[in-house]
Amino acid sequence: MDAASPGFLVGHAAHPDWRTALALACAQIEEQRRALEAGDEGPLALGFVYFTDHFAGHAEALLAALRHSHPGVSWVGAVGVGVVASGVEYFDEPALALMLAPLPAGRFEVFSGAHKLGRIEADTALVHADAGTPDLPELIAEMSDRTASGYVFGGVASARGRAVHVADGVWQGGLSGVAFSRDVGIVSRVTQGCRPVGPVRRVTACDGHVVQELDHLPALRCLMDDLGIADEGGLRDALPRLRTTLAGLTAESRSPLDRGGQFGVDTLVRHLVGVDPGRQSVAVADLVQPGMRLAFCRRDVEAARRDLVRVCSEIRDEIGSRALPQPEEALATPAARGAGDGAAALMRGAIYVSCTGRGGPHFGGPSAELQIVRRALGDVPLVGFFASGEIAHQHLYGYTGVLTVFSRAERGPPAP
């Protein structure tokens, strides 16, 4: 991207009336547009919109209002039980977040069930999906195969009722989103925030969702040993612990653990959905195959905090490593002041998709998760939502955060 191109514009608001919330958010964006120096603003051709499920019933009217107020802008987004913006989250309240991107039209392409990709050579893509879509993991993998980098990112719409996603229209079912050409600078990372409570084991016998043996030992026996449950008589007393225990699954050919004993990007964290003392088996919320690696795990607040800071630092380091020395005026942007380095001056905007099971309560208070991102990454324009499944690489994750930053620096692979 042109080194002189400005950052993205963000507006967000909470209000019981979607019209008022939209007007407040649009007013913030307009104020930022007026603050730009003449000639600095690029073509505002792409917009991101995330709104809580309080507004899901008004999705079509909301999109029509956005088109009226911002003619010529293509809009993509999704509904969530919560939405996020720079340093703040709105969870379980009527709210929305908007971001406008000064990207030339030839560098992105919006897609949906009604419009297939084909105008640009897609290098990566932001993907939104409906949880009720059959074979969703396979569709995500197919979308990944259609990009040159093999990397897609985004999330599954979450709602207590109508779960919709937006791509120049309002959709239910399937996938939609926006693909980007290679000359759009993107750096993305996944943060898991789960800590293994026992060793990484190999699945040696299974049947569909049911794990029968781990390392040639009864799977339930392994689970009890890893949780420190003395005998089967203590299983009933241990039910509260079992409900908070998860399973990290990794393909046989992949490495389960990353830095500091954290799960790597190839590990998918899934619920335990049942135990069978009679057959000494454990059922998980995914299909299991012999040879897979499995580690029982739990969500851990401190591990989640540390890993979130780590991915922010990695993004800054990667952007900084590609950057040319910046003039003093470039380092005087709000983002640079927030992070205190040249890499922050190259960050244009960000999208953060977090699990509905994370958010403020998991991190210690309202907006705590987003405050961590802001302190670690800098004051970068950011929007996103709380999803019922997070998308990164070619996988559908759970209990993760997916942070993606658009930069002015020459791009490389979105993630290792």
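How many bridges join strand 3 to strand 10, and in which sense do these strands run? The structure examined here is a predicted model, in which local features need pLDDT of at least 70, side-chain atom pairs count only at pLDDT 80 or more, and totals for chains, interfaces and linings use all residues. Residues are numbered from 1 along each chain as its sequence is written, and side-chain values use heavy atoms, with hydrogens and water left out.

To take the opening question, strand 3 (residues 74-80) and strand 10 (residues 165-167) run antiparallel and are joined by three bridges. Helices (H or I, at least four residues) and strands (E, at least two) are DSSP runs numbered from the N terminus, and two strands pair if DSSP finds at least two bridges between them. Across this pairing, Ala78 stands opposite His165 of strand 10.

Six of its six residues are buried (under 20% relative accessible area, with exposed over 50% and partly exposed in between, using a 1.4 Å probe and protein chains only), so strand 12 is largely enclosed by the rest of the structure. In a regular strand the side chains alternate between the two faces of the sheet. Here, Leu175, Gly177 and Ala179 point one way, while Ser176, Val178 and Phe180 point the other. Strand 12 pairs in the antiparallel sense with strand 7 (residues 108-111) over four bridges, and with strand 8 (residues 124-129) over six bridges, again antiparallel. Phe180 is the bridge partner of Phe108 and also of Thr124.

Rings of Phe, Tyr and Trp (its six-membered ring) pair if their centres lie within 6.5 Å; planes under 30 degrees apart count as stacked, over 60 as edge-to-face and the rest as tilted. A search of the whole structure finds six aromatic pairs. One of them is stacked, because the rings of Tyr50 and Phe385 have centres 5.1 Å apart and planes at 10°. Tyr50 lies in strand 2 (residues 46-52) and Phe385 in strand 23 (residues 382-387), so this pair ties together parts 335 residues apart in sequence. Tyr50 is buried, at 0% relative accessible area, and Phe385 is likewise buried at 0%. Phe91 and Phe386 form an edge-to-face pair, 4.9 Å centre to centre with 65° between the planes. This pair links Phe91 in strand 5 (residues 88-91) with Phe386 in strand 23, 295 residues apart. Phe91 is partly exposed, with a relative accessible area of 32%, whereas Phe386 is buried at 0%.
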